[in-house]
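Open the model in your viewer and keep the selection tool ready. The tour goes stop by stop.

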Amino acid sequence: MTAPPEIRLPEPARLKPPDVVALGAHGMRTRPVRAVLSALGIAIGVAAMVAVLAIPASGGQALHDRLAALGTNLLTAGPGKTLFGDNATLPDEAVAMAKRIGPVQAAAGTGTTSASVRRSDKIAVDDTSGLAVYAARPDLLGVLGGKIRAGAFLAAGNQDYPVTVLGSQAAARLGIDHVDPARPPQVLIGTEWFTVVGILAPMPLAPEIERSALVGWDVAKRLLGFDGHPSTVYVRAEESQVDGVRSVLAATLSPQAPNEVEVRRPSDALAAQKLTDTTYSALFLGLGGVALLVGGVGVANTMVISVLERRREIGLRRALGATKRQVRGQFLAESVLLSGLGGLAGVLAGVLVTAGYALSQGWPAVLPTGALAGGVGVAALVGAVAGAYPAIRAARLPPTQALA
């Protein structure tokens, strides 16, 4: 008697990747509102992270461009303290001595006066508005690399007369926004009226000039009691020799007491400000990570509820021959798609925020490719982690129990 032929069940069909993606997308289409709300948390987290990385990059590029235009080869030297704690002074010939240093391209100085600048004599003498009056020479503008916003700078023909040039902030605080050659404005410096002949554009490397009124060197001596000692010496050196010039500048200006001279590099202050901005960026990056984590928890919660609501669908698929692996892949794909789309929306939002902020600040918009690609990748990874447990739970659900 021959044995009956063995009945072999057909091998379960393997789902191709496009089929798995289609199944995952089906679950999202059936519950669009829930999918959008779940992806919103992911989108907010990714948008925050992209913006936090891209905005400092834009600011850094703007700083780099600004320093490239202004030059990082500017050094300033000023008097410090003596051994007895008194204020030191620079020699009268400090500027000429600085020019003797070989790599120095140009040098100029300013001198502090005790006078105040006021818009009219109706304002109290002690109301200085935070403005200073400095003596200067015509070569100062070229050494600083500054520009005139209105009018003209001090010149050989007018520096002996009571004329002044206002820094950008000084002009704003005094309420002067233009210079009419026919009727130029006047300000009261000390007890003398000075005619405003020019207004400077902003000078990031010399903020003290922005908050000052500049007058001629000789007229400051004659009318304002200026003692002739420079209070700040500005030096432009060859780019490759800045450190060398910095190391000998104090001893050159004051050979007898170099320890009483303070030498600074203004571009270092801007770089330090950028470092502070980077510190705050790290804080906001952490907050973006927290938002992303909260979004991942929301996706996990949505997927768990989805498994509970779709028990019949799971049971029917299992009864028709779907394997645990296929069911697990379906829910895992849905979770990854949900988070990935949220990440994509977050990247787009981060790009818009960065572009808008950069435009408002006059910066170039810099979008790091690593942050853009990483935003979607991190979101998909969060989705995979968040959907792992719901997918395993769905795969372990017995068909009879699911259909009951």
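How far apart do the end C-alpha atoms of residues 35-57 lie, and how much of the span is helix? Select the span: the ends are 33 Å apart, with 100% helix and 0% strand. Helices here are DSSP runs of H or I, at least four residues, and strands are runs of E, at least two, both numbered from the N terminus.

Some ground rules. This is a predicted model, numbered from 1 along each chain as its sequence is written. Local features need pLDDT of at least 70, side-chain atom pairs count only at pLDDT 80 or more, totals for chains, interfaces and linings use all residues, and side-chain values use heavy atoms, with hydrogens and water left out.

**The annotated spans**

UniProt, in an unreviewed entry, places "transmembrane region" at residues 35-57, 283-308, 335-359 and 371-392. Its positions are in the numbering used here, feature names are shortened, and annotations may be inferred rather than shown by experiment. Go to residues 335-359. Their end C-alpha atoms lie 36 Å apart, and this span is also 100% helix and 0% strand.

**The whole protein**

Zoom out. The protein has 13 helices and 11 strands. Of its 404 residues, 42% are buried (under 20% relative accessible area; exposed is over 50%, partly exposed in between; 1.4 Å probe, protein chains only).

**Strand β9**

Select residues 212-216. Five of the five residues of β9 are buried, so the strand is largely enclosed by the rest of the structure. Look for A132 opposite S212. β6 and β9 run antiparallel, with three bridges. Here T164 stands opposite V215.

**Strand β11**

Move to residues 261-264. In a regular strand the side chains alternate between the two faces of the sheet. In β11, V261 and V263 form the covered face, while E262 and R264 form the uncovered one. G78 is opposite E262.

**Helices α10 and α11**

Finish with residues 311-319 and 324-361. α10 and α11 pack at about 145 degrees, axes 10 Å apart. Axes are lines fitted to C-alpha atoms, for helices over the stretch in contact; angles run from 0 to 180 degrees between N-to-C directions. Show the side chains in contact (heavy atoms within 4.5 Å): E313, I314, R317 and R318 of α10, with K324, Q326, V327, Q330 and F331 of α11.

Note on methods
Two strands pair if DSSP finds at least two bridges between them.
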